[in-house]
Amino acid sequence: MTAIAVEGVTVRYGRRTAVDGVSLNVPTGAVYALLGRNGAGKSSLVRALLGHLAPELGKVTLFGEDVWRHRARLMQRVGVVAEDSDAPTEMRVRDLGWFSSELYSNWSQRAFDMRIERFGIASASRFGDLSKGQKKQVSLALALATSPELLVLDDPTLGLDVVARKSLFEEVIADMADRGITVFITTHDLGAIESIADHVGVLKDGKLVLDEPLEALRERFRRIRFAGTATELAMNAASSRAWGSGTEAVVTNFADDAFENLRARTSAEASTLTLEEIFIAVAGEERK
Amino acid sequence: MKTTMIIAAREVREKARLFLACAGLSLVPFAATLLPGARGQSGDVLAVVGGFLAAILGFGIAVALGGSTIVRDLAERRMSFYFTKPVSAPAIWIGKATAGILVSLACFAIIAVPSALVARKAWAIQWLGDTEPLVIAAFTIVVLFFLSHTMSTIIRSRSPLLALDFLFSIVAVAAVCLIVRPLVIGLATDLAEMLLRAIGVAVVIVLALAPVWQLANGRSDIRRSHAALMRFLWPSIAIVLLIAGGTVAWLIRVSPTDIVVSHVAQPRHGTSVIVTGRAQRAADYHATFVIDRATGRSTRIGTPPWWGSQFSDDGRVHVWLQPVGFFSLEGLELHTMQGATGIVMSPSASFVLSSDGSRVAITNGMLLTVHELATGKLLASGAGLDASSRHQIFFLTPDVVRVFEYQRRLNAPTPLRIFELDVRARSIRKTGERMFEMTQQAVSVSGDGARMFIRGSNVIADGRTGETIAEIKTENLSSSRMLFDGRVALVTHDGLVPHLRIYDRDGAPRRDVAFPKVRSVGIVGETENGKLILASYTARTTFVVDPTSGVIEQTLEGVKGPMPQWSADPRLMRYAADQEFVGVNTSGKLVAWKNEGRASARPLLLSR
């Protein structure tokens, strides 16, 4: 079953197109990482996905229902950690828990209290007085205590230190292991997401330029070093550069046969790429 | 409903500190009673300070909360907190607005109640004579909250659409002025007030509902939110104004048969009559028509006659004043049946038509001008009048205009100045001045202009110089008129019975006619064959009296009319001997009667 279906969504702000005809599907139980450089349109797509703005074209459905029309009902099944912590600054942490407990039918006060305690946050603290990391932790605790079927994380680690990032991802991973929820995440923290994401999408200038399972990406994208020139490479090269007297290239359609041919001629070596390297290969080109 | 209450409860909880602050401020009125000047008046001080402080803070908090409750969250990108929760847009708005309004009302009450409890009597006198001030305060708080939200959304979005909002606001205000204008011109002050209240309530309802649309369609983005607000607000206001405009158009569309006539005026000769009345379906709205009794043809004119309406002696020329300017009363323009004359004067100006209807004289500030009516051409003018004084004018001859000028000082000695403008010589000069005690309409003049009766001083004086010719000893004067031949007719009250007293040209008493069946009468006309017409408005009875013999020749019960004309011009209340008079019966319908000894009136076909 599909948790998220984005069909030809276009989002515009005046004359500027932020998201341009994006379509993607996230199956139930998947962890989908949406990557992109700053200004690529990730947050706009997330806002459309959560029913915060109506796309100019296209449609977003969550669990088969139009999110723009049925947002209030769908939000019972969705937990959200926003890019900017948006809870009212005057509210105390425990009041945020009370407020959410009144709104969600699946609210788990115990889960919320345990996480807040684990994060070491005093429940009497005002939200506005918390550090950036603590705010994200409270937001995550609120989102997870609703026992969501879909967790949407919009750049949750932005501005957090390494420890806070690790703690945040550990919570998500634990919840995923417990309940098998669907996760849609936008992040710049490619190292951390690589271990949990199973689908990856890359937005570039509002267009979805890559959308496939992470394993397939790893199969497809390889770094090849060989004694020869790029013209001898019988595969698509996302980038190439001189490597000593030879060439180093990142190919986007690695094929065993073609590589064996190349190795026979040029003593070529192939290595897998990290998600970060794949992302740079796809989206790293400077915008003109 | 539950989510609405949860959101409202959260908002109230967040603003609970305001209650503490207001509780502290509620002591201010008590502190004010300790001021040296407040000793002995502590009740009044408590009531006044408590009331004003409560109002200022209540209104201020309503503005502050209205402008921040939603818009601050939108501007600071915090609205997503609510939109990521399972709550609908109406629940967010209703919850937050309910909380904001309740907090504002509670703050008002927290400050007001302690002083009101301690100084109950003073509060009752100062504020609670009836419950209206409290209702108005509560309504104001609600209006300010909604208005503040809308204004704040528009301003804080920093959207280019702001220019459109500004434009639409101007258009809306202009439309309201245009809608109300015909009612104001028709003296429908009650109806205009009712309409403005209805428009106000409708706009408040629109302001209360628009944010639901705003949040449902604009959601967490302030610019989209602003655009969504506009999409609801302005079309809704346009619909309200269209309905109001349509209602007014329907209300003011009346025919002569729809009105309850309150005023009629007619010329010396001819069959024209000007009729004003309240439209039966339109509360206090008045419509005015010029009706030709010979043909039955009626023409609607855009003014009530008491702004100024006159006929020529033959009834062929009729002039009246109509307001100039769409949004305010910038001036009055003379109109004839042929259209606007282009002759404009200020609302405080006076005008008079010459007996042949060819010229019009106007006192406008310091100026006296004479125009040719057909072309609007200025024939002569003279300066030197006192703009702050009142002026009575008339054409002594087609080429000479006489002006009586006096201050509006009731029952106190004031100078009466007499001027004449010679149209041929184009010169104005003061011909006389005297002191007199002004009462109401000061001066009435004989047909030749040689004599005048000055009411208040009760003297017969030279019409040109103001010099006293004779003094009339009288008391309890209620109506006066110098007759065309120079005799004087006065109405006095001896006890409860009005008397018509006739004096000859030298002030000697000649006749005394009592009207024992009515409590008051006034002189409303004089016929060319020397009969006087008097009317009792309280008893709605019209009398025809022969002033020479002192005999009441006719008594028409249930008929009012003709009407008096407040002018010094001796021709204006003079009617042909065979003129058929038009009056109003007790049902407000037009009737006609003749001065020929038959004491009856027949209904006019037009007003059935």
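Predicted model: local features only at pLDDT ≥ 70, side-chain atom pairs only at ≥ 80, totals over all residues.

User: Thanks! What makes up the secondary structure of chain A?

Analyst: Chain A has 10 helices and 14 strands. Both are DSSP runs numbered from the N terminus, with at least four residues of H or I for a helix and at least two of E for a strand. The C-alpha trace of chain A spans about 70 × 40 × 35 Å along its principal axes.

User: Why is A:Met176 called buried?

Analyst: Buried means under 20% relative accessible area, exposed over 50%, and partly exposed in between (1.4 Å probe, protein chains only). A:Met176 has 18% relative accessibility, so it counts as buried. This residue sits in helix H6 (residues 162-179) of chain A. Across chain A, 52% of the 288 residues count as buried.

User: Which residues is A:Met176 in contact with, leaving aside neighbours within four places in sequence?

Analyst: Contact means heavy atoms within 4.5 Å. On that rule A:Met176 is in contact with A:Val31, A:Ile181, A:Val183 and A:Ile196. A:Val31 is 145 residues away along the chain, yet the two C-alpha atoms are separated by 9.1 Å.

User: What makes a group of residues a nonpolar core?

Analyst: The members must be buried Ala, Val, Leu, Ile, Met, Phe, Trp, Tyr or Cys residues, joined through side-chain atoms within 4.5 Å. The largest such core has 100 residues, and those with the most contacts inside it are A:Val138, B:Ile92, B:Phe146 and B:Val264. A second, separate core of 35 residues includes A:Val31, A:Val172, A:Leu214 and A:Val250.

User: How much area do chain A and chain B bury between them?

Analyst: About 2700 Å², with 55% of it on carbon and sulfur atoms. Buried area here is the accessible area (1.4 Å probe) that two parts lose on being put together, summed over both. In chain A, the residues that lose the most area to chain B are A:His52, A:Asp86 and A:Phe99, together 24% of what that side buries. The contact involves 31 residues of chain A and 28 residues of chain B.

User: How do you know that A:Asp95 and B:Arg13 form a salt bridge?

Analyst: The rule asks for a side-chain nitrogen of Lys or Arg within 4 Å of a carboxyl oxygen of Asp or Glu. For A:Asp95 and B:Arg13 the closest N and O atoms are 3.3 Å apart, and the pair is a salt bridge. A:Asp95 lies in helix H3 of chain A and B:Arg13 in helix H1 (residues 2-14) of chain B, so the pair joins two chains. A:Asp95 is buried at 17%, whereas B:Arg13 is partly exposed at 44%. The count between chain A and chain B is three salt bridges; A:Arg47 with B:Asp221 forms a salt bridge too, at 3.5 Å.

User: Why does the pair of A:Arg126 and A:Glu90 tie together separate parts of the sequence?

Analyst: First the distance: their closest N and O atoms are 3.9 Å apart, and they form a salt bridge. A:Arg126 lies in the loop between helix H4 (109-119) and helix H5 (132-145), and A:Glu90 in the loop between strand S6 (78-81) and H3, so the pair ties together parts that are 36 residues apart in sequence. A:Arg126, at 24%, is partly exposed, and A:Glu90, at 33%, is partly exposed.

User: And what makes B:Arg77 exposed?

Analyst: B:Arg77 has 60% relative accessibility, so it counts as exposed. Its loop runs between helix H5 (71-75) and helix H6 (80-83) of chain B. B:Arg77 also has a positive phi of about 55° although it is not a glycine.

Methods:
Residues numbered from 1 in each chain as written. Chains lettered and ligands numbered in written order. Heavy atoms only, no water.
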